[in-house]
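Colleague: Please show me the model. I want to ask what stands behind the words you use for it.

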Amino acid sequence: MTSCHCITCSDEGTPMTVLRIDAERALALCESEDGARASVEIALVEPVTDGDRLLVHAGTALVHL
Amino acid sequence: MRFVDEFRDPELGRVLAGEILGAVEPGRHYKVMEVCGGHTHSIYKYGVDDLLPTNVELVHGPGCPVCVIPMGRVDDAIAMAHEPGVIFTCFGDMMRVPGSHGTLTDASAEGADVRMVYSPLDALRIAKENPDRDVVFFAIGFETTAPSTALTLKRAKAEGVPNFLCFCNHVTIVPPLRALLESPDLRLDGFIGPGHVSTVVGARPLEFIPADHGKPVVVSGFEPVDILQSVLMILRQLQEGRCEVENQYKRVVPYEGNLAALKVMGEVFELRPHFEWRGLGFISHSGLKLSEAYADLDAERRYTIPNVRIADPKACQCGEVLKGVIKPFECKVFGTACTPERPIGTCMVSSEGACAAYYNYGRFAREREVV
């Protein structure tokens, strides 16, 4: 993963770390390496626990790192 | 940083460059296509091609999702953005991609409500906040972003958000590769396979390349050492007379892909009979549309769109660049009439586009020293 991901289409993975899980909404608050935080869909990589590292594309985690 | 620093190690890069030099046959010219725009970006950001022997040429493929959007679809998007009451949402620089009469940014200046989002979830949130207006999400991308759109559509249905609509332009990676391989004007020796698309679809769908076309494929990561190692793996296959799909990016890509992602895509999308690609023309079964179960959230069914095919600008040679037939600097308008600030073609708009990568990293001509 390059640190400079494509802002055009978000079509480059951003590695993020899980901070908190909202199980009811199937979302997780995640933080990228540069400190940006976002709500991320985790339905495709469950089970997820705090501290997991995920590869996120367009707000959806695709794989555990 | 773990899994990053090791793959940017200059010493390891030099060792691999030496091994690559040992693996090439003198007098033979090798053409290797990197399919994914993310690879193109990394190659020029880190100067990976400067470490390769002059007879190993990297050719850029059609793997930037913005670059392959035809002008007609941008016009359709602009028409939707101008519909009364619509909030039109899209990823960042899609706003700058030219249609036949301007961009989404121009539409915004003319009064359309166009908003940039980072994910379809952002668009869904806007829809919930504006229940009396239709919120259209301009969905683009390969199998990396398609699961995200699919999950958001499922969420919109489950949460009862009928004003969230999707203008679906998702595409799949295998049909254009097939079209490229069948193209008579392209001779390639091997492929650097897409990294993150393969996290979703797995490496198996690429097996037709060695099986039917006799070309090696190596699924690769995005760091400079990843790319060098992948080039070496391709050259080794050629040297040893092997031809198969190998996975250099095992730390991220499972060979079978993400079955949950494929399942949700199967529920929400179906294949279009054909879809137009910039520069490549119509390719059968290469685009996705919403399935019948999601017809009520399909913006194309809600609004009448022009749906007119627009020829690419005559001066622009994005098509040849996307097929790897010419290098960006060989295009007549590269760096003069067409720049990232005022792009004519899509390859100059997106940071993953080959032209933008060449322009931003100062590659105005092919000047390489012999390693």
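Modeller: Chain B exposes about 14000 Å², by the Shrake-Rupley method with a 1.4 Å probe, where for residues only the protein chains shown count as cover. Carbon and sulfur atoms supply 53% of that area. For chain A the accessible surface is about 2700 Å², and 50% of it belongs to carbon and sulfur atoms. This is a predicted model, so local features need pLDDT of at least 70, side-chain atom pairs count only at pLDDT 80 or more, and totals for chains, interfaces and linings use all residues. Residues are numbered from 1 along each chain as its sequence is written, chains are lettered from A and ligands numbered from 1 in the order in which they are written, and side-chain values use heavy atoms, with hydrogens and water left out.

Colleague: What makes chain B as compact as a globular protein of its length?

Modeller: Start with the elements: chain B has 14 helices and 13 strands. These are DSSP runs, numbered from the N terminus: helices are H or I with at least four residues, strands are E with at least two. The radius of gyration of chain B is 21 Å, close to the 21 Å of the globule rule for 371 residues, so chain B is as compact as a globular protein of that length. The radius is taken over C-alpha atoms, and the rule is 2.2 Å times the number of residues to the power 0.38. The C-alpha trace spans about 65 × 45 × 40 Å along its principal axes.

Colleague: Why is helix α2 of chain B called largely enclosed?

Modeller: Buried means under 20% relative accessible area, exposed means over 50%, and partly exposed lies in between (1.4 Å probe, protein chains only). Eight of the 10 residues of α2(B), residues 37-46, are buried, so the helix is largely enclosed by the rest of the structure. Among them are B:H39, B:H41 and B:Y44. Their cover includes β1 (30-36), β2 (56-63), β7 (190-193), α10 (224-240) and α14 (354-360) of chain B. After the helix comes B:G47, with a positive phi near 65°.

Colleague: How confident is the predictor in chain A?

Modeller: Mean pLDDT, the predictor's confidence in each residue from 0 to 100, is 82 for chain A, and 82% of its residues reach 70 or more. Over residues 1-10 of chain A, pLDDT stays under 50. Chain A has zero helices and five strands.

Colleague: Why is A:H64 called partly exposed?

Modeller: Its relative accessible area is 32%, so A:H64 counts as partly exposed. A:H64 is in strand β5 (residues 60-64) of chain A. Beyond its neighbours within four places in sequence, A:H64 has contacts (heavy atoms within 4.5 Å) that include A:P47, A:D52 and A:R53.

Colleague: What makes the bond between A:E46 and A:P47 a cis peptide bond?

Modeller: Its omega is about 0°. A:P47 lies in the loop between β3 (37-41) and β4 (53-57). Another loop, between β1 (14-22) and β2 (27-32), holds A:A26. Phi of A:A26 is positive, near 55°, and A:A26 is not a glycine.
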